[in-house]
Amino acid sequence: MSKLKVASSPHHHNQRDTGQVMRLVAYACIPGIMLQTWYFGVGVLIQIALCMLTAIVTEALIVELRKKNTERVIKDSSAALAGLLLGICLPPLAPWWIAVIGSFFAIAIVKQAYGGLGFNMFNPAMAAYVMLLISFPVQMTSWLPPISLAELNFSILDAIYTVFTGFTIDGYSIEQLRVGADGVSMATPLDHVKTSLVEGYTVQEALQTPIMSGAWGLGWAQIAIAYLVGGIALIKLNVINWHIPGSMILAAMLTALILHLADSSQYASPAFHFLNGSLVIGAFFIATDPVSAATTNKGRLIFGASIGVWIIIIRTWGSYPDAVAFAVILMNMAVPLIDYYTRPRTYGHKLKTSAINNSEDD
């Protein structure tokens, strides 16, 4: 007689094990990472390497202390993927300790403190990102201009020196590297538009700067499209389903469209929200985390749509322009409730009800 095995999430209805799924998600990030590196420099790869290394070492040490099978846990690649996703979200030349603290927090506090893979309530990478953004706002908002708009160019060695010392080989600081060709310190497109609105400019006026390329930021739109290609590949390979990314993007676009139609001078277009920030990354690579997301198809639609609405609300009226991490964490807390009210009925429920009614009639 065969034994039934009950295990925690993630559950996948295919022949792939957890490690294969995690690695496929990582591979799908490669096109986006390549373009990030092209537009913002090799610092992107440095942050990813620091985050992944710290995440793997932290996981190994904690699992060893817990007397678990270290090799099996490391081979599931979940720690490496969490580090990868956090590294993607960090400014390219953020200090090395930002990556180390964030990755340690993601694994030790958000994941292992809850019991390890399958038991964490929050997405580790996004919980760590929120912690870093609240705790170290200056370092977490020090984004560089696209290389083509930068006043100062820097080499691979300059990037390494800056991450570990705060200065390039020639002594330039991160603040000096952030200055664009027009002499203005650069910000992300979302930051730039939000600041411009506070200063009394319209959205249309805010878009008339070198960092903006029409309705979107230079480099940011291309990167979003690259991650979109990777996300669609994951759906085609049945690694993720379409419910969360589809409902999340659709809800965000509809919410942005309603606001834009109400007042186009104060609210950016759906295209701007889609092509800037981490909406696409969040939709395909973060919100679809099988552990912290809703588990039923109906629940996934509600979960994704709610995240999409929260993103536009927080971007519009909140203090942090790119709201994906906050929206994901908010809805992670709502997952138990969503799963409770969207769980499918027990097999045979209607049959039992019909039998009871027939017996009462007799």
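Predicted model: local features only at pLDDT ≥ 70, side-chain atom pairs only at ≥ 80, totals over all residues.
Colleague: How is a pair of packed helices described?

Modeller: Two packed helices are described by the angle between their axes and the distance between the axes. Here, the axes of helix α7 (residues 124-135) and helix α18 (residues 324-342) cross at roughly 125° and come within 9 Å.

Colleague: Is the crossing of α7 and α18 left-handed or right-handed?

Modeller: The crossing in which α7 passes α18 is left-handed.

Colleague: Which residues in α7 and α18 meet?

Modeller: From α7 there are M126, A127, Y129, V130, L133 and I134. They meet A325, F326, V328 and I329 in α18. By class, this contact of α7 with α18 has 10 nonpolar residues, and no polar or charged ones.

Colleague: Turning to the cysteines, how many disulfides does a search of the whole structure find?

Modeller: A disulfide is a pair of cysteine sulfur atoms within 2.5 Å. By that test, the search of the whole structure finds zero. For C29, the nearest cysteine sulfur is that of C89, 9.5 Å away. C89 is in no disulfide either, as the nearest cysteine sulfur to C89, that of C51, is 9.2 Å away.

Colleague: Are C29 and C89 buried or exposed?

Modeller: Buried means under 20% relative accessible area. C29 has a relative accessible area of 0%, so C29 is buried. C89, at 12%, is therefore buried as well.

Terms used. Residues numbered from 1 in each chain as written. Heavy atoms only, no water. Axes fitted to C-alpha atoms, helices over the stretch in contact; angles between N-to-C directions. Helix = DSSP H or I, 4+ residues; strand = E, 2+ residues; numbered from the N terminus. Left-handed = near helix turned anticlockwise from the far one by under 90°. Contact = heavy atoms within 4.5 Å. Nonpolar A, V, L, I, M, F, W, Y, C, P; charged D, E, K, R; others polar. Buried < 20%, exposed > 50% of the residue type's maximum accessible area, 1.4 Å probe, protein only.
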